[in-house]
There are 2 protein chains.
Amino acid sequence: VSSEIKLGILGLGVVGSGTVELLRQNADIIEQKTGAKIIIKKIAVRHIDKPRSVNVDRSLLTDNSYEILDDPEIDIVCELIGGIDPAHELVLRALENKKQVVTANKELIAKHGTELMNKANESKLDFQFEGSVGGGIPIIQPMKNALAGNQVQAVMGIVNGTTNYILSQMADENKDFNAALAEAQELGYAEANPTNDIDGHDAAYKLAILSSIAFTTPVDEAAIYREGIAKVQLRDIQVARDLGYVIKLLAIAKSNGNGSIQARVHPTFLPKHHPLAAISGVYNAVYIHGDFVGDVMFYGQGAGSKPTASAVVGDIMDVARNLNNGSTGRVPCTCHELHAITPIEKIVSKYYFRMIATDRPKMLASIANVFGNCGVSIEAVQHRPISRGRIEMVWITHKTEESKFTRSVSHISILSVTEKIANWFRVEEEDI
Amino acid sequence: VSSEIKLGILGLGVVGSGTVELLRQNADIIEQKTGAKIIIKKIAVRHIDKPRSVNVDRSLLTDNSYEILDDPEIDIVCELIGGIDPAHELVLRALENKKQVVTANKELIAKHGTELMNKANESKLDFQFEGSVGGGIPIIQPMKNALAGNQVQAVMGIVNGTTNYILSQMADENKDFNAALAEAQELGYAEANPTNDIDGHDAAYKLAILSSIAFTTPVDEAAIYREGIAKVQLRDIQVARDLGYVIKLLAIAKSNGNGSIQARVHPTFLPKHHPLAAISGVYNAVYIHGDFVGDVMFYGQGAGSKPTASAVVGDIMDVARNLNNGSTGRVPCTCHELHAITPIEKIVSKYYFRMIATDRPKMLASIANVFGNCGVSIEAVQHRPISRGRIEMVWITHKTEESKFTRSVSHISILSVTEKIANWFRVEEEDI
C-alpha cells in the first residue's frame, strides 16, 4: 500500500507547469517506484486568474505562499519561483516549518546555499536542487552519490544554453555576435535583456554549485572570475578553427592540489577533439575528472520546462523515498572544507593572442622579446598580411602564469609596431 | 562521530584491487561524506600467496568466502569475483545472512538479477550494481533516481570497450577486423579468447540490466537478439563514411509503445552527428531518451580497475548512508511490469544493403522489383563498377519491418544478376 505525500508548489511558470504535468502524466510509475502517491495539495501563484499552459483546478491555487508554508499537512515544498526575492525568505520559512525542500533555483543556491543547507541539516531535512544546474541532466545527484568516492580534480561545463547557441551559430553560420544574439532572441533562446546569460552570471551561479559539491567547500559566486561572450569576434572563431580549436563559454573549476581551487567562467579555446567541443546549440554538458573514475561527461538539454521538470520530480521522488524510510537528510551538505579561490592573475594556462602589427623590420623580434622578457614562452605563431603594410599575428603561448601573460600584453600594446591588440583567450589543454 | 561499517570483499582481481586502493586512498572524504568509517574486515581470494598489485595485510586474506558470508560483524559484502560460479551461490548466501550486497558482476545481474533482487527486497536489504554497466560512468543510479520520473522511450549504448576500440581502429586506421583485433589483444584491450566481447555477449548482459531498469521489467538476456562485429568489413566502414554514417556495436532497447519492447545488440549504421557516433576507443556511453528529459547521454571509461572501483565505492557509500539511517532497501527492484521482447523479424528499421551484381541490362530494375514486391521502399541507391562487368551496389531502405527486408535479401540472393550478397546492417535514425 502506498503512502500519501503532500506537495506544495511555489510558482507555476515554465518549470512549475512542467512539474505539474509530469507528476500527473507519469503518476503511475512515480507511485510504483517510490511507494508513494505524490499529491499536489496547493500551488502558490502571483496571479490566480492568469491563463496557464497547464490545466490546473482553480481550487488548488492560492496567491498566499504561507498557505503552503504553514500548512502542517504539507510534507514537501517545491520552490519554482526563481530569483532571490521572495524565494529566499519563503524557503527559509519552509525549513523553519520542517518541510522538505526541492528547488531548481540556481541563484538561490549559489548565493544562499550554505545557509539553507545548514538550516536543513539542523532538522535532518532534505534540501534538493538537481534542477538548478543543467536542466534535466543528472549531475548533482551523481556527484553526491555514484562519484562521491573520488577526489575531483576538475569540473568543466557548458552550462548556459543561450551563449552556447550563439557561439554555435557564429561558428556554423559565420554570423557575428550581434546577428547571432538577435536570432537567439527571435527564437526565444535569449531573453530581451540577455545580460544575465551573455555576461556569464548564469554560468557563474551554476559553477558555484558544481564546484562547491566537487571540492566539498562553500564557493562564493561573487568570487568566481567571469568574462562574457560579447568579446568573441567572428575572426577569433575562424582562427580557432584553423588551429584545431573551438571557442566555448566554459565554467571551469580545478583543484590546484594545494588546498586552493580555481573557479572561472570565460570564453575558452578548446581542442576540437575534446568531448565538450561537440556540444552545440542549446545543449549543456558537464565534464568531470576524478582521481579514480578518470573522465566522465553528462550531456543533455540544459533548460526548458520538461527537462527541468524531470530533475525536479527526480528530487521529489528521492525525498518521497526518504520520507517513507524515515531517512530524510541522509545526504547532507558536504562542504566540510574551506578552499580559497585562486585570484585569476595567479592561474596557469595557455593563451591565444591576436594582434594587428605594422610590417616593419624586426617587428616579430620586438614582440617576441616582450614575451621572453616577461617569462612567457611561445608554442606557435602565425602571421598573415591583411592589407598593405599590416599583419595579423596570432600567438599561442605555452603554459604560463596569467600575470606574466597580461604583463606581456600590456607591454606589447605600447610597442610602436603594434597597431591594435585584437583579442586574447585562455586555451584549455586536452589533459586536465 | 562516525559509525563503523564492516566490509567483506570477495575477490581481489582487477576491480577488487582498485576498490581496496580507493577505500584506502580516499578514506577521509568517504568518511566525511557518509559519516561512516568503512573498514575492510576480510578479503576472500582463491590463492592467498599470489602476488597482488595492491599492498594488503596478509591477515586480511582468507581463501574461505564463508568466513565473510557467515561473519555476523560484516555489514556489507562486496562481490568482485565475476562470472556465475561461485558468485551466484555466494551472493545468495550473503543475502540469506542479511548482508547488504554490492557487486560489479554484469553476468550475474543479467542472469539472476530478478531472483537476487527479490531476495534482497524480502529482507529490505540493499543490492547495488552500478559497476556492472559502463565501468565508472554513473548510469544505474541516475536511472533509478534522477531520471526515475520519466517514461523511458529508448536506451542505446556503446557498452563494450573492446569492440568499440576495434571498430574505431578499423575506421581511423583502415585496418581490417583481424588486424584491429590482434592489436587490441596486444594492448590488453581484448582477451586471448575474445568471443565474449566480439560476439556481443558482454554487451547483451549490460543491455539486459539497462533495459530492465529503463522499462521496469525483467529482461531475459537470452532473449536479447545478438550479432557480433566479426561480420563488419572495412569496405562497409568506408561506405558508411561516404554516406555520413559510422558503424558502432550498439546495445539498443526501445519501447514499442504497446507494452512490448525491443532489445538487441548488433553493429549499427549511426548518423555521424549522433552524440554516440563520437565515442571512440575504449570509452563507453549510454544514451537515454525519456518523455520529459528528452535526450541525455552519459560518457566515460567503461572498464578498468580504477573507474570500476569508483562505481563500487559509490555504491558502498550509498549503502553506508542507508545503514546509518536505517533505510536499507529504500530503492528496491523496480521491475513492476512484464514486457515481452519483440522478435527481431518484427522490428521496424532502416537497412543498409551491399551486394555485388553483374552489370547487365535491367539488372537494377530486377533488384528494385524484388524490394518493391516485398513492400520495401528505397531511400537511396548507389553503384560503382569494381571490375569489368561487376558492380558494387549499396541500397539504403526506408523504414520497414525486418521480415520484409530479409525476404527481399533472400529473393535477391538467387537472382541471376546477383554475384554476391556482401553485407547488410540496421540503420539507426537520428530521431528515436
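Predicted model: local features only at pLDDT ≥ 70, side-chain atom pairs only at ≥ 80, totals over all residues.

Modeller: For the complex, the predictor gives an ipTM of 0.96 and a pTM of 0.96. Residues are numbered from 1 along each chain as its sequence is written, while chains are lettered from A and ligands numbered from 1 in the order in which they are written. Local features need pLDDT of at least 70, side-chain atom pairs count only at pLDDT 80 or more, and totals for chains, interfaces and linings use all residues, with side-chain values resting on heavy atoms and leaving out hydrogens and water.

In chain A, an open sheet is built from 6 strands in the order 3-2-1-4-5-6, with parallel pairing; strands (E, at least two residues) and helices (H or I, at least four) are DSSP runs numbered from the N terminus, and two strands pair if DSSP finds at least two bridges between them. Strand 3 (61–62) and strand 6 (127–128) of chain A each have a single partner strand and stand at the edges, so one side of each lacks a neighbour in the sheet. Strand 4 (residues 76–79) and strand 5 (residues 100–103) of chain A are joined in the parallel sense by 4 bridges, and Val77(A) lies opposite Val101(A) of strand 5. Against this sheet packs helix 12 (residues 305–325) of chain A, which touches (contact means heavy atoms within 4.5 Å) strand 1 (3–10), strand 2 (36–44), strand 4, strand 5 and strand 6 of chain A. The direction of helix 12 makes about 165° with that of strand 5 of chain A, where axes are lines fitted to C-alpha atoms, for helices over the stretch in contact, and angles run from 0 to 180 degrees between N-to-C directions.

Strand 15 pairs with strand 13 (residues 348–358) of chain A over 7 bridges in the antiparallel sense, with Thr358(A) opposite Arg390(A). Strand 15 is also joined by 8 antiparallel bridges to strand 14 (residues 378–387) of chain A, and there Gln382(A) faces Val394(A). Strands 14 and 15 of chain A make a hairpin with 2 residues between them, and Gly389(A) in its turn has a positive phi of about 80°.

Chain B also has an open sheet of 6 strands, in the order 3-2-1-4-5-6 with parallel pairing. Chain B is superposed on chain A by a rotation of 180° with 0.0 Å of shift along its axis (RMSD 0.0 Å), fitted by least squares on the C-alpha atoms of residues with pLDDT of at least 70 in both copies. The two copies are thus related as by a two-fold rotation axis, and Phe298(B) is the residue of chain B whose C-alpha comes closest to that axis, at 2.4 Å. The contact between the chains takes 55 residues from chain B and 55 residues from chain A, and 100% of the interface residues of chain B are also interface residues in chain A, so the copies meet through the same surface.
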